[in-house]
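Please consult the sequence and the structure shown below while reading.

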Amino acid sequence: MENSSNPIYSRPVLDFVTVAAEFCKYLEQCRGTEQAEFVDVIRKLIPMLYLKASMVTASRECDGYVEHPVTEDDYDYVRQSVADIMGTFDDYLDVFVADFKYSDTPIRRQISEDLADAYQALRNFVEVFRQGYDEAMQVALAEVLEQFETAWGQNVLNALRALHDVKFGAQTEEV
């Protein structure tokens with residue numbers, strides 16, 4: 001399986017796969033976790049995930065198709081688990097969305113939805129890597145990196161900002 005000249009086996013890619021798998025595993029198993037513990041753990045996973053994705057220099061150009069095993073039920077389970085943990089702190093106001101330029105009020109977002117969006121992209125990616133087919137792995141890597149640039153990268157940063165506020169902010173009213 002391993003081919004040291006193939007970029008999908010480079011240290012940055014393998015590090016990214018490892019952190020992505022840990023992120024997904026934590027979200028799948030977080031139900032019932034205390035809010036303070038969840039906030040502490042996920043605040044540490046997000047920067048590692050973002051850093052590891054940023055360090056991958058593999059080509060984002062790749063033709064092909066890979067299966068996406070994450071179902072709507074999987075997505076909803078993660079989203080609801082996080083929403084239950086975060087309670088009234090799940091909602092936050094976001095000004096970093098395209099629709100904001102047409103509005104004079106911030107857009108309401110949810111930490112749970114941002115994390116579930118990232119989970120879906122990353123779990124699909126990790127599952128393809130588990131199968132071990134080089135061509136599929138290259139397609140999945142290109143796909144998840146493109147999604148990083150266009151969607152889940154910004155989502156996890158927005159969630160991190162909101163989580164930072166939950167941990168350290170002086171939130172005196174519900175968002």
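A residue is called buried under 20% relative accessible area, exposed over 50%, and partly exposed in between, using a 1.4 Å probe and protein chains only. By this definition helix α4 is mostly covered, since 15 of its 21 residues are buried. The model is predicted: local features need pLDDT of at least 70, side-chain atom pairs count only at pLDDT 80 or more, and totals for chains, interfaces and linings use all residues. Residues are numbered from 1 along each chain as its sequence is written, and side-chain values use heavy atoms, leaving out hydrogens and water.

**Helix α4**

- Helices are DSSP runs (H or I, at least four residues), numbered from the N terminus.
- With 21 residues at 1.5 Å a residue, α4 should span 30 Å, which agrees with the 30 Å between its end C-alpha atoms; the expected span is 1.5 Å times one less than the number of residues.
- Just after α4, G132 has a positive phi of about 80 degrees.

**Packing of α4 and α5**

- Two packed helices are described by the angle between their axes and the distance between the axes.
- Helix α4 (residues 111–131) packs against helix α5 (residues 134–168) at an angle of about 160 degrees, and their axes are 9 Å apart.
- Therefore α4 is roughly antiparallel to α5, a term for angles over 145 degrees, where axes are lines fitted to C-alpha atoms over the stretch in contact and angles run from 0 to 180 degrees between N-to-C directions.
- The residues in the contact of α4 with α5 comprise 18 nonpolar, three polar and two charged; Ala, Val, Leu, Ile, Met, Phe, Trp, Tyr, Cys and Pro count as nonpolar, Asp, Glu, Lys and Arg as charged, and the others, Gly among them, as polar.

**Aromatic rings**

- Rings of Phe, Tyr and Trp (its six-membered ring) pair if their centres lie within 6.5 Å; planes under 30 degrees apart are stacked, over 60 edge-to-face, and the rest tilted.
- The whole structure contains six aromatic pairs.
- One of these is the tilted pair of Y50 and F148, with 5.0 Å centre to centre and 55 degrees between the planes.
- This pair links distant parts of the chain, as Y50 lies in helix α2 (residues 35–55) and F148 in helix α5, 98 residues apart.
- Y50 is partly exposed at 29% relative accessibility, whereas F148 is buried at 9%.
- F125 and F129 also form a tilted pair, 4.9 Å centre to centre with 55 degrees between the planes.
- Because they are four residues apart in helix α4, F125 and F129 are separated by about one helical turn.
- Both F125 and F129 are buried.
- F16, Y50, F125, F129, F148 and W152 form one aromatic cluster.

Key: Helix = DSSP H or I, 4+ residues; strand = E, 2+ residues; numbered from the N terminus. Parallel < 35°, antiparallel > 145°, perpendicular 65-115°, else oblique.
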